[in-house]
Structures are given as C-alpha cells and as structure tokens.
Amino acid sequence: MTTSVETPKRGQSLTNIFKRPTKGYWNPYLGGTLLGVVLFLAFFITGQGLGASGGLNRILVWVEDLVAPGHVDRTPYLIDMAGGDLNPLDSWIVMMTVGTIAGGFVSGWLRGRVKLETNKGPNISVRTRWAMAFIGGGFMGYGARLARGCTSGQALSGGAVLSVGSWAFMFAVFGGAYALAYFVRKLWY
Amino acid sequence: MATFPLALTAILGKPLAYLIFLLIGFAFGFVLESSGFAHSPKLAAQFYFKDMTVLKVMFTGIIVAMVLIFASTALGWLDYRLIWVNPTYLWPGIVGGLIMGVGFIIGGFCPGTSLTALATLKLDGVFFVLGAFFGIFAFGETVETFTVWWHSSYMGRFTLPQLFGVETGWVVLGVVLMALFMFWGSEQLEKIFGGQDPKQAPKWRYYGAGALVVVALAIVMMGQPTTADRWAKIAPEKNFELDARTYQIEPIELLHTMHDHKLNLIMLDVRDEADYNMFHIMDAERISTEEIHNRIDEFIAEPANTVFVVMSNDEANATEVWKTLVAESVHNVYILGGGVNGWLDNFASDFEADFCGDVKTASNDELRYNFSAALGASCPAAYPPIEDYEEVEYSPKIQLELKRAPASGGCG
C-alpha cells in the first residue's frame, strides 16, 4: 500500500520534535487517487471543491480588519468579506484551511516528518531559501487572487468539473513555471 | 431531482456543516502531506523532469474526481447544475496562472502545499505562507487600479463540453486518455532525467488506468440526463402539486410581490412578440421557449431571494416553461394563475377598455383582449396602483425555498 518511493534528503534538521521513524511518501498514483476521492466527496456532499488561497485571504483580511477597520470598509474588494460587522473568518473555506493544516500535521507526525527544518537545493544558503520562499509566496498570493483561485481551487477543483477557465489557468501555471525553471536552476540543483 | 449536493447549512446547521468542511480539509491536507507535497525540492523537481509527482498526483486527482462526478450525474444521484463550476475570466486567469507559475518555481510551493509544509514545521513553508499573505495583501490594495480588466473576458459558467460542442462523456473520456498519455510521458522523462526505472512502479497502476477508461466509456454510453429525463424523475410529485394549484399564484399576489422590495422578482413572459407588444406587465421580460435553456445557469446564479413568475396568455405554455425551469433545478418558480388574460380580467381599467373591442372568444392560451393598438406596458393595467387593491384578500402561495447551489467557490 505505501510503496516507499524515496527517503527524502533532509536539509538542516535543527530539532527533532517528535522522534518517530521517518517513512517514505505514498506512490503518486495512490496519493492522486485518494486526492480524487476527497475532491469528489467534497463536490458530492457540499457542491464545492477544495481550496486553500481563499482561506488565507480571509485570515489576512481578518487581521486587516483588526488593524484598520476603516480602510477595509472603504476598499470595495475587502468590503465583501469584512465590511461592517461581517466576520471574514465565518466561512466554510476558512474551516477547510484549518483542516488542511491539521491534516498535514497529523500525516507528517504519523510518518516522523514533523521536523523544524528548511528544505532547499544544495547550492544556496538557508537565508537565500527563506528569501526566495517569501518572494515566491508573494507571487503566488498575488497571482492566486488575480486568477480567482489557486492550484487547489482553480486547477484541481475547476479542472475536475471541466471549467474552461480552470484548464486555461492550469496550463498557464505549468507554462510559467517551466518557462522560468531553467533560469533559476541554481536554486534547486 | 438528484439528492446531492446537500444544502448542508440548512440541513445540519452551521456548526455541523463547518465540521464537515473541516474534515474535508483534514483529508485534503493528509493526502497532500502523504504524497510528499510538504517537501519543496520534490515539488520543484517537477519542473526539471526529475520527479513528476506533482503532475501525477494532480492529474490522477482530477481524472478520478471527474469520472466519479460525471458517473454520479449520469446516474442521477448528483445534480451538475448545483455544483460550483469556477466561472471563466479568461485573461485574468491566464495572467494570474503565469504569475503563479513563477511563484511556484521560485518559492517551491503552491498555497495548498505550503499549508502542509507549515504544519510540519518546514521553515521554507513558513516563509512561503508569509510571502503569500503579503501577495494577497498587495492584491487587495492594488486591484482597484485595474478592476475593469480584472472583470474582463468574463464567460460565466463555461465548460469544456460547451466549448467543443460535444457530449460531456466524450470530454471525460478525452481527458482521461490525455492524462494517461501524460503519465506515460512522465515516466519516460523520469527515466531520462531522474534515473528512475518505470518498471519499479507498481503493476496495479495499469488496472487503475483500465478501470478509469472503462468507467469513462460507461459515462459516454449513459449520457447526461436531459431536461426530459430530469422532469420524468420529479413528474409524479410535481404534477400532483400542479393539479392542486400549489404554484399558480393569483394576479393579486403577483401585484403584491411586485411591491415587495425584499424579493428579487423576475417575471418571464413566454408569449409571442405580437401579444407582448399589445400588452405586457411592466418589467416582464419576454423570453422564447427555446431561449430558456441558455439562461438556466444565469437563473440559478441569482440571489437566494429571487422569485420567478412565468406567464402566458392562459396557463398552458407557462406551465411547460415552468416544468423546464423546475426540472433544471431553478428554485422558487411560480406561474401566473389565469395568465395575462386573468391579469387583465382583474386589473383592466377604462383606459384599456377604450382600446379593446368585445372580449374575444379565444382558444386556449390566446389573448382574449382585442387591443386596437399596441400598448405594451404604457397603460395602467401594466402597473396597477396597489392602493386600490390593498383590501383584496388572497391566499399567498409563494414560499421561498432555500437555495442549494453554492454562491462562491473555494477561493472567495
């Protein structure tokens, strides 16, 4: 069932919080099949697919609403989520995001993969990796809002229900990453 | 009508509904982490053809979910109309996708996978999530400068079967075959660039691929339910209610509804253009029976407080259109009882009388009033003064039914 694909090479393992034996990852086709079943159940029961960036968005807007409620109430894009008395956290997508973090933690803990560490290519420093992760995350966050969804909410969910826009989006993501991959290969190899 | 998806919040209440979303998210995170998606070098390896796990997991997920979804809709268990399909905004989607591709190869994650990296204490994942917050913040602050473009190239709920003009089943089969071809290609690339031997991969993947193709073929054979199929399923119950006049509202109730600002009233006049020009109720939209089918998605997307009232001269044509709308899962649809003729019987004033000869003896669903000029909506009966009818009693029939179709997707 759990075909050991590889034991991933660890970066700087700073602390081992949970001393459990590290296990290999699932076979990708097995992982994909279970992902498909989860996605199907989400659609079948709730009519909604999966999502991640929407939850992050609402958590951020919640913070913004604490810090600068007036600004939120004057920005049309934010009013929908947090204008006036609206609580941006009162949404199913936030629940799903919390669940995703919990599920990732439990899976990692069971397989001894919860470790404080930084995974990176061999030829860059930890600090460079952190900076690149932050910059890449910035692009991701901006792009995900622009495209009205991320890899989960657009590509995966919209792809499975045959949305034209989601398929165009998916090819754009892969296209963008492949187009740049050669130029940033030093980051990874 | 199909039982699924469920109106979760209405059935279970908010806390339980949220618990279900929490559990779905849990399963999602568990699967992502188990597939190795918290480990950024594994994700990045996708783009150097060394380890194609990202593509394999993602496309296996898509085709498995797709096959299960469209098998369920073909069997009538699941209502595709009520599933959230991401609306297409073509160019913002493509440009956003390209930006995300850049973020993916620089940052090593996508938003979903970064959450599992954060959960397993990967610091690069933590910095990625912080970066994503910054990007989202930057978008919220800048979107106003290009909001017109951000809403451009909107195509609504637009699906691949509509784009290619073929039956859904063929698209499902095509996507499955395309994915299987990509898997084969991925394994070849991994052999060349990643030094992995495809022969090491488990044999069961061939059986899995075969099963997907077989189910996809079955979906092609079964076909997706037509309006007639959908009506046939609900006909016994709905015909009984039609006979009991559950959905035929009196003209006076429509008049009151026109003045109820809490409701979003959409009046659909399904008569021919000539009759419509002679007389119609103010704000009633003329729509042909054929056109109805192209408007269903739009009607389903209307807010939850929307009430549809369909009218013809009497009731026959309106009832047919009502059946189509109800079969296609449009909610809160009613029929103007007695039709436009009945409306005029109630509300025609002296003004209209001047333009009308004797009331005709008309056959079924013809306009009985013999207008000598095309009044359209420019006469009192098109918008009768409600003050004159406050005292008239009637038995209200409109009951707002809870909306089942999701109003936003996973990224709102």
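Leu268(B) sits opposite Val310(B) of strand β6(B). This is a predicted model, where local features need pLDDT of at least 70 and side-chain atom pairs count only at pLDDT 80 or more, while totals for chains, interfaces and linings use all residues. Residues are numbered from 1 along each chain as its sequence is written, chains are lettered from A and ligands numbered from 1 in the order in which they are written, and side-chain values use heavy atoms, with hydrogens and water left out.

Let's stay with β6(B), which covers residues 306-311. Strands here are DSSP runs of E with at least two residues, and helices are runs of H or I with at least four, numbered from the N terminus. In β6(B), 6 of 6 residues are buried, meaning under 20% relative accessible area with a 1.4 Å probe, protein chains only. Thr306(B), Phe308(B) and Val310(B) point one way, and Val307(B), Val309(B) and Met311(B) point the other.

Zooming out, β6(B) belongs to an open sheet of 5 strands, ordered β3-β7-β6-β4-β5, with parallel pairing. β3 (248-249) and β5 (285-286) of chain B are the edge strands with a single partner each, so one side of each has no neighbour in the sheet. Strands count as paired when DSSP finds at least two bridges between them.

| Strands | Sense | Bridges |
|---|---|---|
| β4(B) (264-269) and β6(B) | parallel | 6 bridges |
| β6(B) and β7(B) (333-336) | parallel | 3 bridges |
| β3(B) and β7(B) | parallel | 2 bridges |

On β7(B), Tyr334(B) is the bridge partner of Val309(B), and Leu336(B) is that of Ile249(B).

Now to Asp365(B), in the segment after α18 (350-355) of chain B. Asp365(B) is buried at 13% relative accessible area. Beyond four places in sequence, Asp365(B) touches Ser312(B), Asn313(B), Asp314(B), Glu315(B), Ala316(B) and Asn317(B), a contact being heavy atoms within 4.5 Å. A polar atom of its side chain lies 2.4 Å from the backbone nitrogen of Asp314(B), and the side chain of Asp365(B) also reaches the backbone nitrogen of Ala316(B) at 3.3 Å.

What about the chain A and chain B interface? The contact involves 127 residues from chain A and 135 residues from chain B. Together the chains bury about 11700 Å², 75% of it on carbon and sulfur atoms; buried area is the accessible area (1.4 Å probe) lost on putting two parts together, summed over both. In chain A, Tyr29(A), Arg148(A) and Leu162(A) lose the most area to chain B, together 8% of what that side buries.

Across this interface there are 4 salt bridges, each a side-chain nitrogen of Lys or Arg within 4 Å of a carboxyl oxygen of Asp or Glu. One of them links Arg129(A) to Asp124(B), with the closest N and O atoms 3.1 Å apart. Arg129(A) lies in helix α6 of chain A and is buried, with a relative accessible area of 1%.

Definitions and conventions
Buried means under 20% relative accessible area, exposed over 50%, partly exposed in between (1.4 Å probe, protein chains only). A polar contact is a pair of N or O atoms within 3.5 Å; within protein, one must be able to donate a hydrogen and the other to accept it, and residues adjacent in sequence count only if both atoms are side-chain atoms.
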